[in-house]
Amino acid sequence: MFKSILVPIDLADTDLAKPAIATAATLSQTWSGSVRLLNVLPMTPVMLAEYVPADFDEQQRQTSEEALAIVARESGIEAGRISSVVRQGGIYHEILEEAVHMKADLIVMTSHRPAMRTYFLGSNAGHVVRYAKCSVLVVRH
């Protein structure tokens with residue numbers, strides 16, 4: 001049923017992602033599917049561009065790719081069934097784009113318990129749930 005599972009991860013808070021990774025691992029094993037870990041890097045603001053090294057974005061990407069590789073190794077998912085990708089842009093937009101790109105059957109993501117501010121402003125998880133073309137499983141932390 002779920003052959004292709006996308007798991008967005010915030011590398012600044014990998015503990016938050018652990019329940020989503022564990023859920024994706026169980027589902028991928030059950031359905032003999034694959035898991036793709038995704039990290040989204042924010043765009044470097046134009047006003048800061050002159051103050052950072054010319055290869056800043058590439059350094060950030062490389063650091064994120066290395067961190068995702070560690071998360072993938074520690075996930076307990078067989079190496080042949082897990083991959084990772086780093087994208088740059090708006091968080092929910094890039095999650096939705098990657099889901100379409102990889103033809104995901106399911107997005108598994110973690111979300112904090114709702115607070116009053118998220119009822120009014122919305123969260124990345126909320127945007128993904130509303131606009132994804134595939135199923136979305138939100139694991140509460």
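**Entry 1: the model**

I am working with a predicted model.

**Entry 2: strand β4**

I started with strand β4, residues 106-111. Next I looked at which way the side chains point. L106, V108 and T110 point one way from β4. I107, M109 and S111 point the other way. Residues of both sets are buried.

**Entry 3: the neighbours of β4**

Which strands pair with β4? I checked strand β1, residues 4-8, and found 2 bridges joining it to β4. β1 and β4 run parallel. L6 is the residue that stands opposite I107 in β4. Then I checked strand β5, residues 135-140. β5 and β4 pair over 6 bridges, in the parallel sense. Here V108 has L137 in β5 as its bridge partner.

**Entry 4: salt bridges**

How many salt bridges does the structure hold? I noted 5.

I took R36 and E98 to begin with. Their side chains meet in a salt bridge at 2.6 Å, N to O. This pair links distant parts of the chain, 62 residues apart. R36 sits in strand β2 (residues 34-41), and E98 sits in helix α3 (residues 91-102). Are the two partners buried or exposed? R36 counts as partly exposed because its relative accessibility is 23%. E98 counts as buried because its relative accessibility is 2%.

I then looked at E94 and R87. Their side chains meet in a salt bridge at 2.7 Å, N to O. E94 and R87 are buried. I also noted a network: salt bridges link R36, R87, E94 and E98.

My next pair was R81 and E78. The closest N and O atoms of this salt bridge are 3.8 Å apart. R81 has a relative accessible area of 16%, so it is buried. E78 has a relative accessible area of 51%, so it is exposed. The cut-offs I needed here were under 20% for buried and over 50% for exposed.

**Entry 5: a charged patch**

Which residues form the negative surface patch? I listed D55, D57, E58, E65 and E66. D57 is found in helix α2, residues 56-74. D57 has a relative accessible area of 35%, so it is partly exposed.

Note on methods:
Residues are numbered from 1 along each chain as its sequence is written. This is a predicted model: local features need pLDDT of at least 70, side-chain atom pairs count only at pLDDT 80 or more; totals for chains, interfaces and linings use all residues. Side-chain values use heavy atoms; hydrogens and water are left out. Patches are made of residues with over 30% relative accessible area and no salt bridge: like charges are joined within 9 Å, nonpolar side chains (Val, Leu, Ile, Met, Phe, Trp, Tyr) within 5 Å. Accessible areas come from the Shrake-Rupley method with a 1.4 Å probe; for residues, only the protein chains shown count as cover. A salt bridge is a side-chain nitrogen of Lys or Arg within 4 Å of a carboxyl oxygen of Asp or Glu. Lys and Arg count as positive and Asp and Glu as negative; His and the chain ends are not counted. The place of a charge is taken as NZ of Lys, CZ of Arg, CG of Asp or CD of Glu. Helices (H or I, at least four residues) and strands (E, at least two) are DSSP runs, numbered from the N terminus. Buried means under 20% relative accessible area, exposed over 50%, partly exposed in between (1.4 Å probe, protein chains only). Two strands pair if DSSP finds at least two bridges between them.
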